[in-house]
Amino acid sequence: MDNELREENVNKKKRGRKRYVLITYVFLGLFLLLLVRLLFFTAVESEDFINSSYNPRLTKLSETVVRGKIKTSDDVIVAETITNDDKTEVRNYPKGPMYAHAVGYSVNGSLGAEKDFNFRMMRSHIFFLKRIYLELSGEKLPGDDLVLTIDSKLQEAAYYGMGDYDGAVIALEPDTGKVLCMVSKPDFDPNTIKADWDSIISDSTSSVLLNRTTQGLYPPGSVAKVLTALEMMEEGKADTFSYECEGEEEREGYTIHCYRSTAHGTEDFASAFADSCNVAFGNMGLMLDKNRLSLLSDRLLFNKKLPTALSNTEKSSFNITDNDPEALVMQTAIGQGKTLVTPLHMAMLASAVANEGVIKEPFISDSIENADGGVVKTYKGKTYGSVMTKEEAEKMKELMRLVITDGTGQGLLSDDYTAYGKTGTAEYSSDKDKTHSWFMGFAEKDGRKIAAAVIMEGAGTSSAHAIPLTKSLFDTYFQNE
Ligand SMILES: [Zn+2]
């Protein structure tokens with residue numbers, strides 16, 4: 001009897017312990033779930049949630065945090081909040097219009113980095129003792145600073161290189177996707193954007209808010225020959241190609257011209273590329289399989305949203321079918337058809353050639369720092385993938401080198417680095433003298449590389465405009481070691 005009782009007691013105790021363990025686990029499980037939920041919200045959801053400029057939490061944050069600064073990769077401040085004696089705050093842009101589109105503004109809906117990283121600059125990760133001190137003394141906390149991938153010297157070279165022309169300059173680091181400079185003109189002064197807002201908005205012809213590097217859609221002119229040339233290689237038609245250029249040629253009532261109708265004589269594939277011979281490339285267009293060319297254009301990111309962390313990007317467009325008349329096919333092959341491209345897209349393709357065919361997704365900020373310069377968050381970029389094989393990239397590189405050594409890009413010859421590229425002079429009206437000046441390409445030295453796309457609207461030939469600007473970019477980059 002005693003034994004039975006003892007056993008029952010022991011069993012009761014065991015059951016009680018089991019229940020206790022079970023309850024502990026249930027609570028622990030619930031707690032962990034809650035923790036995961038909280039972490040997930042902080043890490044993933046909260047940014048989108050809070051980043052909306054209409055979110056009341058941002059307004060709340062602005063009551064306790066002074067918006068952080070924006071600086072370039074070489075530590076030049078391009079946006080900061082100044083607190084006046086009466087505690088009112090003004091957002092100041094020390095470089096004015098130079099960073100108008102890259103940095104943007106934080107009022108009237110916001111734009112550029114100010115918009116994309118809004119939330120980041122409204123948080124504060126200062127040392128906790130400093131935080132406690134400021135909170136106790138009723139002062140606002142200094143927000144985190146945004147560090148751009150842009151180099152101030154390159155941005156300056158691009159900005160002043162544009163002179164009075166409208167257009168766009170964008171440079172990328174091919175093996176990371178870092179944006180090294182981003183200039184769009186016409187521009188505006190972010191310091192006075194609030195005061196200027198009504199006149200900007202009411203002027204329907206004004207396009208100053210448009211970031212031409214990512215949103216400007218331009219006829220590519222001869223830079224499109226990169227696409228045509230790549231398809232020639234893929235169809236195995238490049239090595240045997242030869243054409244007699246007489247300076248111009250008529251098809252179905254359409255006359256295709258070389259620059260100033262200069263006869264290039266016998267052109268093979270590489271020399272036609274270097275000389276930018278329209279007659280030879282127009283005829284290449286007629287030789288190509290339109291379906292395959294169309295598939296290649298898809299692979300080269302035409303007609304789709306570009307893979308990039310940058311906001312407000314437009315899609316480049318390219319269309320060709322078997323039913324297109326010969327004249328349109330020839331025009332498309334030399335970039336004078338219906339094709340439209342953004343400068344960012346062209347810089348990405350130049351980067352791909354420089355980077356063995358692999359595209360890295362362009363991005364404009366790679367770290368967030370607290371007000372004392374401590375790193376809070378870093379971003380290393382993403383790989384999109386290959387758009388051409390390593391062998392194709394190598395061949396394309398040889399063609400682009402020939403443009404610099406023997407062709408239309410000789411203004412980029414330098415003892416300091418090796419440049420590669422394709423020039424373009426794109427007609428944009430029936431007046432053949434009205435042309436945009438284009439260049440896309442890259443330069444390298446000891447493993448360091450920079451890729452760029454430049455368009456100067458209505459500037460004329462690339463040798464007189466886009467090439468000298470690119471030269472100053474490349475010179476600046478390689479002096480910057
Ligand atoms: Zn020619």
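Predicted model: local features only at pLDDT ≥ 70, side-chain atom pairs only at ≥ 80, totals over all residues.

Q: Why is strand β19 said to be largely enclosed by the rest of the structure?
A: A residue counts as buried if 20 or more other C-beta atoms lie within 10 Å of its own. In β19 (residues 448-456), 8 of the 9 residues are buried, so the strand is largely enclosed.

Q: What makes β19 and its partners strand pairs?
A: Two strands pair if DSSP finds at least two bridges between them. Strand β7 (residues 167-172) has 6 bridges to β19, and strand β18 (residues 435-445) has 9 bridges to β19. Both numbers meet the cut-off of at least two. The β7 and β19 pair runs antiparallel, and β18 with β19 is antiparallel as well.

Q: Which residues stand opposite A453 of β19?
A: I170 stands opposite A453, and M440 is also a bridge partner of A453. As for the hairpin of β18 and β19, there are 2 residues between the strands, and D446 takes a positive phi near 45°.

Q: What makes β8 and β17 the edge strands of their sheet?
A: Start with the strand order, which is β8-β7-β19-β18-β17 in an open sheet of 5 strands with antiparallel pairing. β8 and β17 (418-427) each have a single partner strand, so one side of each is left without a neighbour in the sheet. From one strand to the next, the twist averages 5°.

Q: How do you know that β7 and β8 pair?
A: The cut-off is at least two bridges, and these strands have 6, in the antiparallel sense.

Q: Why is α7 called roughly antiparallel to α17?
A: Helix α7 (residues 152-161) and helix α17 (residues 466-479) pack at an angle of about 165°, with their axes 9 Å apart. Angles over 145 degrees count as roughly antiparallel, so that is the label for α7 and α17. The crossing of α7 and α17 is right-handed. On the α7 side, K153, L154, A157, A158 and G161 meet L469, S472, L473, T476 and Y477 in α17.

Q: What is the order of the strands in the open sheet of 6 strands?
A: The order is β4-β3-β2-β6-β14-β15, with mixed pairing. β4 (89-92) and β15 (375-378) are the edge strands, each pairing on one side only.

Q: What makes β2 and β3 a pair?
A: Strand β2 (residues 70-71) and strand β3 (residues 77-83) have 2 bridges, in the antiparallel sense. The rule asks for at least two, so they count as a pair.

Q: What makes the backbone at E252 and S261 worth a look?
A: Most residues other than glycine have a negative phi, and most peptide bonds are trans. Yet E252, in the loop between β10 (248-251) and β11 (254-257), has a positive phi of about 45° although it is not a glycine. S261, in the loop between β11 and β12 (265-268), also has a positive phi, of about 55°, and is not a glycine.

Q: Where is there a cis peptide bond?
A: A cis bond joins K185 and P186, with omega about 5°. P186 sits in the loop between β8 (179-185) and α8 (193-202).

Key: Residues numbered from 1 in each chain as written. Buried ≥ 20, exposed ≤ 12 C-beta atoms within 10 Å, placed from the backbone. Helix = DSSP H or I, 4+ residues; strand = E, 2+ residues; numbered from the N terminus. Axes fitted to C-alpha atoms, helices over the stretch in contact; angles between N-to-C directions. Parallel < 35°, antiparallel > 145°, perpendicular 65-115°, else oblique. Left-handed = near helix turned anticlockwise from the far one by under 90°. Contact = placed C-beta atoms within 7 Å.
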